[in-house]
Amino acid sequence: MTVKLPLDSQLWDGLSACYSTANAVARLREVISSRRLGESWRELCDELLHQGTVYGVTSAAIPHLIDLAPVLSADARRELWIQIGFMVTAGADHFESPPAPGLQEGLTAALRRADVLAVEDFLADALISPDEAGYFALSCVAFTGHPVGRALWRFLSPSAGYVRMVCPGCDAEYEVGGFADPAQPPCPPPVVDLPPIGLEPWQKVAQAIDGVDLGPGWSGFLDSARRVAAAGVPAHVPADAVWCLVAAMVATTGGDAAPWARTLARLAGHARCVECGLVYSIADLIGERGDAGPVDPASVQAEALADGVAGFRPAPGRVVTPAALGAQVRWRVAGGPVDALAALGDRAVLAAGPAGTTAWEVVSGGPALPAMPGPAVSVCVADDSVIVTATPDGALLRWEASTAKPLGHAVRRGGTPVRSLAAVLVPDDLDQRAVSWLSQLRGRRVLAVVDAGGGVELWEPLAGRPHVELFRQADRSVVDLTALDFVDQWPWTGSDLIVLYGDTVVDVWVSAAVQGDRSTMVPDPASLAAIGHEHIVGAVVAPRRLGHRAPVLLADRNGTVSMWETFGVRLNDPLPPDPHHRDVVGIAALPFDRSIAVVTVSGTDRTLRIWEVAPGSASLVPLDVHPRCVTVVGQTIVIGHDAGLLAIDIEAVSPFARSGS
């Protein structure tokens with residue numbers, strides 16, 4: 001029987017707690033008597049663990065909580081084990097001064113029991129999310145005494161996309177991006193040579209890993225994980241091998257866990273400190289091991305070496321032959337060059353060019369509205385009722401969205417030529433401290449206009465008048481912009497406006513910002529250049545969040561495509577340049593197979609490149625037209641070219657091939 005401090009012992013009074021030992025013991029009694037984790041449990045956690053600090057009462061309470069676990073529900077047991085994992089890794093696995101003989105031995109024995117019970121609960125948990133599975137698996141590792149368990153305190157989540165590290169050499173703290181379902185392994189798998197000792201329940205974990213498949217290239221990581229589990233996770237096993245185990249445990253939960261498992265396996269790679277230049281195992285850095293030593297950079301493959309600027313370098317893209325795709329044209333429309341496209345709801349597409357602006361039904365290719373005369377270089381649906389087109393000389397024309405009838409005269413006459421238009425939503429619950437001109441736009445959708453002089457303006461589409469010039473990058477011509485709406489994001493609903501300048505500079509303006517200034521947290525030019533960007537020509541909002549706030553995809557003229565959050569965090573592995581897909585002129589994205597497919601068109605080579613983000617596979621489709629722009633409406637790719645429009649069914653090029661190079 002485990003030795004533990006009786007709940008009626010006066011020795012509790014001599015133990016420390018965060019606020020009140022008496023309150024901690026009272027809440028512990030309530031939790032044990034009620035056999036559930038309710039309000040008393042939350043108050044107890046506040047007493048046992050506060051901002052990474054544990055107390056004498058924490059160590060004394062843990063054996064009681066472990067004995068309670070078998071009578072709790074599955075959800076409650078999961079929460080209990082994760083919280084005890086945090087307590088143990090904060091130092092509650094030992095008493096600084098045991099109040100009675102045998103209590104330390106009792107605590108150690110209780111944690112050995114927790115190791116068994118927690119792993120069994122992990123294997124039996126059918127409702128666990130990938131995020132919780134990562135914390136749960138790390139807690140199981142913590143109960144074995146392995147130092148990787150301490151990473152609970154610096155653990156990344158599926159929605160983060162980066163991991164924060166501390167350099168043991170110079171104490172520099174920095175963030176490494178690109179942690180979001182890597183397309184390919186970051187390095188060779190760790191070599192593990194351990195005798196299987198058949199320790200239960202870790203042997204069951206090893207057996208569960210046998211049924212896991214993370215895709216091509218990952219079997220070696222799973223084999224390392226299996227060997228670590230079969231050996232019972234001894235404390236001397238290298239950290240990178242234990243991270244393989246954590247990744248494999250997450251993968252055993254099934255469902256949507258595979259992307260997160262591949263991300264965790266990436267922690268078996270290496271990172272270079274941006275301050276001192278030394279290279280360390282990421283597994284050591286994320287675990288804050290002060291005794292970790294640097295490794296020889298020459299022993300690390302270039303693609304396996306991350307840093308605080310570029311994160312991980314892009315893995316080589318896999319391209320299948322065009323013959324394997326069988327792309328099928330839905331319809332064609334002739335009518336002269338098309339320079340800009342925009343979706344008109346989910347049923348039609350707007351096409352703008354020297355001959356005017358037209359609207360076409362996506363299903364049939366028939367006209368959706370009468371033609372809107374006058375040359376146009378950009379087109380936008382400013383709100384549900386107004387279409388706005390920009391003329392080559394910088395004027396703005398407004399049209400009724402349902403009839404294509406003109407709305408008043410041209411506005412913004414004689415200005416600098418317009419490059420692009422976008423609709424921006426200002427939130428209803430804008431901060432009361434917002435500048436006056438911004439507060440007047442609460443709940444409104446306004447028009448963003450960017451020009452060749454680097455200016456970004458907001459316009460009232462119905463009244464045809466300007467509100468304000470947001471900012472101007474002197475002598476820098478804007479090439480494109482797009483708006484990212486957060487229409488279902490708490491606590492505010494608004495837009496991020498992404499502005500591109502044709503190099504590696506990306507500006508972001510947030511409509512919920514108090515002062516209306518552009519954001520200081522944007523994709524960094526150095527980070528963009530480090531992964532292959534040279535001349536960014538287009539941006540598009542990902543049609544699915546993929547576990548994040550809706551990402552933004554940036555396309556480079558050289559074919560590089562990368563995924564970012566607007567506050568500067570890189571997600572996923574970029575799609576690298578392709579010598580067969582040069583002079584990219586447009587980008588679009590659409591939902592596909594629980595992931596997204598990204599489409600770029602090349603003017604020089606007349607090709608369509610389709611990238612399925614999750615597996616990292618890319619396909620080239622030859623075109624018989626010279627493309628100028630591209631968009632997606634529903635599941636249909638619409639390409640504007642020198643002589644009209646071309647619509648392609650995305651179903652015709654799916655499913656994507658997942659092998660070959």
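Modeller: The side chains of T389 and W399 are joined by a polar contact of 3.1 Å (N or O atoms within 3.5 Å; within protein, one must be able to donate a hydrogen and the other to accept it, and residues adjacent in sequence count only if both atoms are side-chain atoms). This is a predicted model: local features need pLDDT of at least 70, side-chain atom pairs count only at pLDDT 80 or more, and totals for chains, interfaces and linings use all residues. Residues are numbered from 1 along each chain as its sequence is written, and side-chain values use heavy atoms, with hydrogens and water left out.

T389 sits in strand β15, residues 386-390 (strands are DSSP runs of E, at least two residues; helices are runs of H or I, at least four; both are numbered from the N terminus). T389 counts as buried because its relative accessibility is 3% (buried is under 20% relative accessible area, exposed over 50%, partly exposed in between; 1.4 Å probe, protein chains only). Leaving out residues up to four places away in sequence, T389 touches T357, A376, S378, V379, A395, L396, L397, W399 and L421 (heavy atoms within 4.5 Å).

Now the rings. The whole structure holds five aromatic pairs (Phe, Tyr or Trp rings, the six-membered one for Trp, with centres within 6.5 Å; planes under 30 degrees apart are stacked, over 60 edge-to-face, the rest tilted). One of them is F86 with W153, edge-to-face at 4.9 Å centre to centre and 85° between the planes. F86 lies in helix α4 and W153 in the loop between α6 and β3, 67 residues apart. F86 is buried at 14%; W153 is partly exposed at 36%.
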